[in-house]
Amino acid sequence: MALSANGLSGIPITNVENACAGGSTALNAAWMAIKAGQFDCVLAIGAEKLYGRDRAKTMEGFISGTDVEVTMQLIAQFQEGEKKRREEQAKHTGEKVVEEKPGGHSSFMDLYAMGARMHMERYGSTQRQLAVIAAKAHNNSTFNPLAQYTFPMTVDEVMTDREVAWPLTRAMCAPIGDGAAATIVCGKKFMKRIGKNRAVRIRASVLKSGTREGDNDICTRSSSAAYAMAGVGPEDIDVAEVHDATAFGELYQTEQMGFCPVGEGGRFAESGETAIGGKIPINPSGGLMARGHPIGASGLAQVFELVTHLRGEAGTRQVNGARIAMAENGGGFLGMGEAAMAIHILEKMK
Amino acid sequence: MSDDVYIVGVGMIKFGKYLDTGIKALTGEALDLVLRDCGLSPGDIEAA
């Protein structure tokens, strides 16, 4: 519908719905179409309108990225427990319980909070480490004019921001917003016709789904498959954009993608190695937390960012000498993790 | 094998809260940007 209103009709058009992994899923489909030799030039485009006057309606939409029958119960239990905890805390401190905006927050924030707490208990990671990751995102965004938020934040400012679902504060969570991003993918023949100019090579495009049982190590599985396809390892990646719907998302994926050992994601961020100028800059764009998360567009916004760095056009946030870049875009919730995930590895043309 | 597929254009609009801009307009802007980025026209796109 949206494309025909903008001059594109008659051609094969597939509508892709894969929750937050929609954008990268569209790119994976475009890549596959070219690989199959069916087309030589394919558009992958994602657009999202999340923001509206009815906040509750927006928040309700998120639950459809999960197994609704299962998740509703889990979230209800969690929120019941949280309500009691806040009331107890209020009794002790004498402070009033701060009521949330009507509509509350997306259930994914609760799921991420649960994951963060488990990680903190198991590996000793801290709320402050999550704040370091969020502050990095906000500080990076000051160099990205296309980000939804472009203000800096200190670690303390992140820590003391409004609580969403402990240990997550508002500054550690992606905002509600709108947006659109697109990419054009082509094969060798088309490339020869138009010239390689500012093109970038797709070394790997992998889509996987989560598992109901067991660990649902979807990110480890999809990253491994991507590394194998590209013939590279995590040590070869110069810059990455990962799915930081919350700061915990980034902490966790840093481990799962092999940039640091499992359990070390918090300490690794604290060391500064994921900042621009560090060993593996992650989310130089500001990530979902600061750049924003219009669901279907995010995956392609990650690609926009990485291609910009590979072209050497990222200005003040440029990762110098970036040659190989990696994007991780996850969506929905199943079992113990994401329901869908796509990983892309891109390489600068010589 | 993986060498045969390329990204030739990228485009994105500034993300934010656009109460009065509809999905068709958001899509159109991103489409415009990506085409301009690589100097292609809508007629070059074979599938989407």
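Guide: The expected span of a helix is 1.5 Å times one less than its number of residues. This is a predicted model, in which local features need pLDDT of at least 70 and side-chain atom pairs count only at pLDDT 80 or more, while totals for chains, interfaces and linings use all residues. Residues are numbered from 1 along each chain as its sequence is written, and chains are lettered from A and ligands numbered from 1 in the order in which they are written.

Visitor: How far does helix α1 of chain B reach from its first C-alpha to its last?
Guide: Helices here are DSSP runs of H or I with at least four residues, and strands are E runs of at least two, numbered from the N terminus. Helix α1(B) covers residues 23-38, 16 residues in all, with 22 Å expected. Its reach is close to that, at 23 Å.

Visitor: Against which elements do the buried residues of α1(B) pack?
Guide: A residue is buried if 20 or more other C-beta atoms lie within 10 Å of its own, with C-beta atoms placed from the backbone. Among the buried residues of α1(B) are B:L26, B:A30 and B:V34. The elements they pack against lie in both chains: β1 of chain B, together with β1 and β4 of chain A.

Visitor: Which element gives the largest share of the side of chain A that touches chain B?
Guide: The contact (C-beta atoms within 7 Å, placed from the backbone) takes 35 residues from chain B and 56 residues from chain A. With nine residues, the largest share of chain A's side comes from β4(A).

Visitor: Which residue stands opposite B:Y6?
Guide: Strand β1 of chain B, residues 5-12, pairs with β5(A) in the antiparallel sense over two bridges, and pairing requires at least two bridges found by DSSP. Opposite B:Y6 in β1(B) stands A:R201.

Methods:
Two residues are in contact if their C-beta atoms, placed from the backbone, lie within 7 Å. A residue is buried if 20 or more other C-beta atoms lie within 10 Å of its own, exposed if 12 or fewer, and partly exposed in between; C-beta atoms are placed from the backbone.
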